[in-house]
Amino acid sequence: MLQIRPLTRASVWLGTLILSAFVFFSACQNENNAEPTEGEQEGGAKKYFEQSRHSALGDDWEKITQENFEKATQARLYPKEDLFAGGLLDGNWYERGTSNVAGSIVATAFYPTTEEVYAVSQSGILIKGGLTGGSWSILSDAIKFNSAILAVVTNGGGKRIITVQGKRQPYYSDDEGATWTQAGGSFTSVDDWGSGGLKIVAFSNGTLFYLQHLWSSSPWGESYKLYRSTDNGASWSLVQQFMGSTDDNVRMWSPFNSNDLYVISNKTALYKLSGTASSLTTLQSSMSIPSGSETLLTGYQNGSNLTLYAVRGGASFYKSTDDGASWASVSTLNPTAWGVGISANPWVTDAVYYGAVDFWKSSNAGNSWASQNGWAQYYSNIDKLHADMMSVTPYQKTDGTKFFLIGNHGGIHYFPDPFTTTTNITKTNCRITDYYDVITLGSQIIAGAQDQGFQRFAGSSGTGILTGTQIFSGDYVRQNTSLGRTKYWQEYPQTGSSCTIHYFDNLTSTGTSAQGSVYGTSNTYMQYWVSPTCDYGVTTENSILVGGGGANSGSTVSKVVKMTYNGTSSLTKTEYAFDFYANGGGFITALDHSQVDPNYMYVALSNGKFYYSHDAGSSFTQTSGLTGPTNEWTYGAFIHASKLNKNLAFYCGKGGKVYKTSDGGVNFTDISTGLPNSFISELVLNPSETLLFAATDAGPYVYVLNTNTWYSMATATTPVVSFTAVEYVSDLNVVRFATYGRGVWDFQINAQPLPVTYKSFDAQATDNQQVSIRWETQTEQNLNCFEVEKSTDGHHFTKLQTVKAFNKASIYSVIDERPVYDGINYYRVKSIDAAGKSELTTIKSVKIEQKGHFVSVYPTVLQNGTPLSIQLVNENQTFYLFDSQGRNLVVQKLNSLSNQVLLPNLSNGVYYFSIKDEKQRLIKNGKLMMM
């Protein structure tokens with residue numbers, strides 16, 4: 001069985017921080033005071049992610065994204081190096097925050113013995129905490145889990161966590177998420193289309209059931225598969241397959257702490273499985289209940305009395321008291337129930353709940369309904385439920401205390417008996433915020449989040465995790481600046497036919513100085529949710545640009561609109577004349593304005609067409625022969641113009657595509673090679689414009705312009721989530737990323753470009769089996785020295801020799817007298833200036849095959865008690881064994897040519913060995929896997 005072993009951080013930050021006060025502001029209002037509902041925002045956000053991430057029309061973006069996440073998981077679990085860009089970039093990752101906003105929780109589980117709560121976030125992050133809150137920790141962010149699937153069960157003398165990676169395969173962990181084992185069972189007969197895992201149900205007798213929704217190629221169509229496990233999730237067997245023609249028409253439910261399972265299928269059939277049975281029994285093959293586009297099922301059992309509730313199409317609520325033989329129409333749900341379903345109270349007769357934007361409850365079996373609280377109340381009291389109910393689940397402590405846990409976009413709320421008030425137990429330390437954008441202004445980090453609004457963190461420098469203060473509620477996306485980054489602009493995304501732009505004249509203000517809207521009609525002339533924005537090219541003017549339908553309500557155009565603060569409480573809106581929909585047949589999805597020469601302006605359209613202007617937008621010309629990232633009806637592209645070269649710009653979007661122009665948009669070159677097929681949200685150049693950083697759904701990437709090569713920046717530290725935004729903070733030498741699900745992350749750059757130009761750099765084996773390292777400089781200025789560094793694994797480098805710099809064009813050489821034999825040697829040169837700043841060359845590798853030193857070590861995959869056989873050519877060698885932390889576990893002399901080494905009892909995992917001769921020269925190194 002495949003085992004996944006995440007590398008966790010050396011320490012988990014557990015400091016308790018006081019929750020900053022939230023300041024609620026009705027930022028949703030547009031110029032006509034038409035306030036959008038949270039439901040409109042939720043729909044817009046969902047469509048934003050679904051539509052913008054299509055890599056091409058008809059592609060399954062979820063499948064592509066999941067494949068990228070799985071690759072990122074492997075890269076994190078087994079990192080090759082801590083260097084970046086092939087050694088051209090040196091730095092460290094730091095998580096920055098926020099610590100006091102929970103983000104979206106989709107699934108929960110409760111372990112009564114220890115009273116611990118487990119949860120999976122919307123982004124697939126597994127966390128653990130307590131019912132009193134505060135003690136939350138990240139159990140695993142190296143794996144993208146299915147956000148709806150989670151169970152924690154007793155296994156022997158301990159506990160087992162069960163979830164699903166991606167859509168299909170269950171995994172389990174017996175060590176709190178430190179390692180994961182793929183469960184046994186046949187999960188390969190379905191394709192990747194579909195919602196994947198729907199639910200896990202645990203019987204009180206230890207039996208588990210897993211319901212899956214995917215696509216079947218044989219027979220062809222939607223497939224629902226019900227699996228059963230009798231060994232706590234270690235292996236699964238198929239109970240029954242259901243074929244359907246409409247989404248979400250199979251659901252299962254089990255009464256609280258029972259050994260009965262009910263399955264409603266194909267809208268009209270009802271099944272039951274009891275106790276240790278391995279197959280379903282048909283209760284009703286055809287029920288007198290109307291079919292609907294979606295099926296939800298719950299119930300209540302008191303002894304032998306069973307009450308079933310069903311919802312069809314999200315709205316029609318039915319009740320049955322005779323095992324589904326007859327159903328009574330009870331009420332019509334308004335608003336409609338979401339796929340998170342309905343939940344009957346197992347302890348209170350006729351108490352039923354369902355989730356939508358708000359949490360709705362009934363005390364009379366669904367005849368009438370009332371909301372627990374309005375979603376907006378959360379912002380003045382976060383113990384109130386926030387918007388978007390994602391799960392509603394009953395639990396019970398060992399002392400009999402009964403309660404519900406409600407997962408929502410404000411975290412997890414505890415809903416105790418007598419079910420009147422709620423308490424947010426995720427106020428601190430969850431660190432799973434979903435961010436759309438991040439920007440740094442002075443000492444402040446400003447981020448826009450899903451449902452958690454517009455937030456400020458004090459202390460942009462440093463490496464610690466910060467707390468944030470939420471200024472506005474709702475969803476906030478693109479952010480911009482003006483007047484030398486002293487003024488701040490933000491976008492509240494579209495509701496109906498307009499988006500709202502907020503302007504802040506004072507960076508520390510808790511209220512806008514002015515706001516204005518950009519309009520479109522029926523989303524034909526304006527993308528559905530996120531309108532593209534950019535800084536205005538004239539940096540002395542207090543303006544930004546917005547790509548939208550137009551400046552006026554009801555506009556039937558697609559134009560660039562300039563928003564200018566006029567010194568009062570309003571924004572002046574100026575339309576550029578060119579109508580991109582009339583001329584190009586698409587609406588604007590990206591734009592940028594050169595700050596080198598404001599005559600240069602770039603615009604991308606939803607159909608992949610690209611336009612440029614060299615006369616400040618008076619006219620636009622289509623780039624010939626280019627079809628860039630297309631877009632159906634949401635934001636799906638990004639343009640980044642150089643701040644040093646008016647002709648240089650980059651264009652990216654979905655499908656993992658990045659294009660480069662060196663002539664102001666006239667021609668483009670595809671520079672995507674090396675990038676995954678992924679959605680690329682944002683690009684930014686470093687100040688010297690030698691490096692291009694990318695935030696993608698597959699993680700952080702960097703492009704080295706002089707080598708035309710992309711490199712992943714993911715390490716054992718970075719979380720496996722979508723990276724949604726990136727900026728370069730020049731005064732800190734920090735690349736700052738926003739993530740969708742794990743907050744804000746900084747890459748602190750250690751090595752900076754120095755005033756040295758290399759003409760050549762090489763490393764070659766000599767005739768006497770040494771290595772000659774040679775480099776030649778073309779220019780040198782203010783350099784102190786060069787340090788030649790050596791590695792035997794391309795990962796950990798040590799200094800071989802220091803060479804004084806001549807500060808003129810020179811040739812340097814160093815000899816490595818003790819290279820690794822029968823292995824690969826890695827070399828690089830670090831140049832260090834008078835101020836101590838350094839720059840690294842690329843890495844060169846040399847293999848030395850020395851006669852008389854052949855060594856074999858086997859087996860390399862072994863179990864405790866299995867001896868290790870080592871064959872030598874020369875005697876008197878020494879064997880060393882290290883763990884993943886570099887601690888020396890074994891030192892043993894090898895006095896003969898054939899040796900047996902019996903290792904001590906070791907935990908499962910990866911270990912490293914080396915064999916050295918009498919002069920401590922490395923003869924061989926390698927890796928052992930203990931299973």
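How do strand E37 and E38 pair, and over how many bridges? Strand E37 (residues 498–504) runs antiparallel to E38, and 6 bridges join them; two strands count as paired if DSSP finds at least two bridges between them. This is a predicted model, in which local features need pLDDT of at least 70 and side-chain atom pairs count only at pLDDT 80 or more, while totals for chains, interfaces and linings use all residues. Residues are numbered from 1 along each chain as its sequence is written, and side-chain values use heavy atoms, with hydrogens and water left out.

**Overall picture**

- The protein has 3 helices and 73 strands; these are DSSP runs numbered from the N terminus, with helices (H or I) of at least four residues and strands (E) of at least two.
- Of the 931 residues in the protein, 60% are buried; buried means under 20% relative accessible area, exposed means over 50%, and partly exposed lies in between (1.4 Å probe, protein chains only).
- Among contacts between residues at least 6 apart in sequence, 53% join residues at least 24 apart, where contact means heavy atoms within 4.5 Å.

**Around strand E38**

- In E38, 5 of the 6 residues are buried, so the strand is largely enclosed by the rest of the structure.
- Serine 498 has tyrosine 519, in E38, as its bridge partner.
- Proline 532 lies in the loop between strand E38 (514–519) and strand E39 (533–535), and it counts as buried at 2% relative accessibility.
- The C-alpha atoms of proline 532 and valine 546 are 5.9 Å apart, although the two residues are separated by 14 residues along the chain.

**A five-stranded sheet**

- Here 5 strands make an open sheet with mixed pairing, in the order E67-E73-E72-E69-E70.
- Strand E67 (861–862) and strand E70 (888–894) are at the edges with a single partner strand each, so one side of each has no neighbour in the sheet.
- Inside this sheet order, strand E72 (residues 909–916) and strand E73 (residues 922–930) pair in the antiparallel sense over 8 bridges.
- Tyrosine 912 stands opposite lysine 927 in E73.

**Salt bridges**

- The count comes to 23 salt bridges, each being a side-chain nitrogen of Lys or Arg within 4 Å of a carboxyl oxygen of Asp or Glu.
- Arginine 96 and aspartate 746 form one of them, with their closest N and O atoms 2.9 Å apart. Arginine 96 is in strand E2 (residues 91–97) and aspartate 746 in strand E57 (residues 744–749), so the pair ties together parts 650 residues apart in sequence.
- Lysine 657 and aspartate 670 form a salt bridge with a closest N to O distance of 3.2 Å. Lysine 657 is partly exposed at 33% relative accessibility, and aspartate 670 is partly exposed at 37%.

- Arginine 160 meets aspartate 174 in a salt bridge (2.8 Å, N to O). Arginine 160 counts as buried at 7% relative accessibility, whereas aspartate 174 is partly exposed at 42%.
- Arginine 160 also lies over the face of tyrosine 172, at 4.1 Å from the ring centre. A charge sits over a ring if NZ of Lys or CZ of Arg is within 6 Å of the ring centre and within 35 degrees of the ring normal.
- Lysine 916 has its charged end over the ring of tyrosine 880, 5.7 Å from the centre.
- The structure holds 62 aromatic pairs; rings of Phe, Tyr and Trp (its six-membered ring) pair if their centres lie within 6.5 Å, and planes under 30 degrees apart count as stacked, over 60 as edge-to-face and the rest as tilted.
- Ring pairs bring Phe256, Trp347, Tyr353, Phe359, Phe404, Phe415 and Phe419 into a cluster.

**Nonpolar cores**

- The largest nonpolar core has 38 residues, of which Leu89, Ile127, Leu405, Phe693 and Met713 touch the most other members. Such a core is a set of buried Ala, Val, Leu, Ile, Met, Phe, Trp, Tyr and Cys residues joined through side-chain atoms within 4.5 Å.
- Another core, of 37 residues, lies apart from it and includes Ile773, Tyr911, Ile923 and Leu928.
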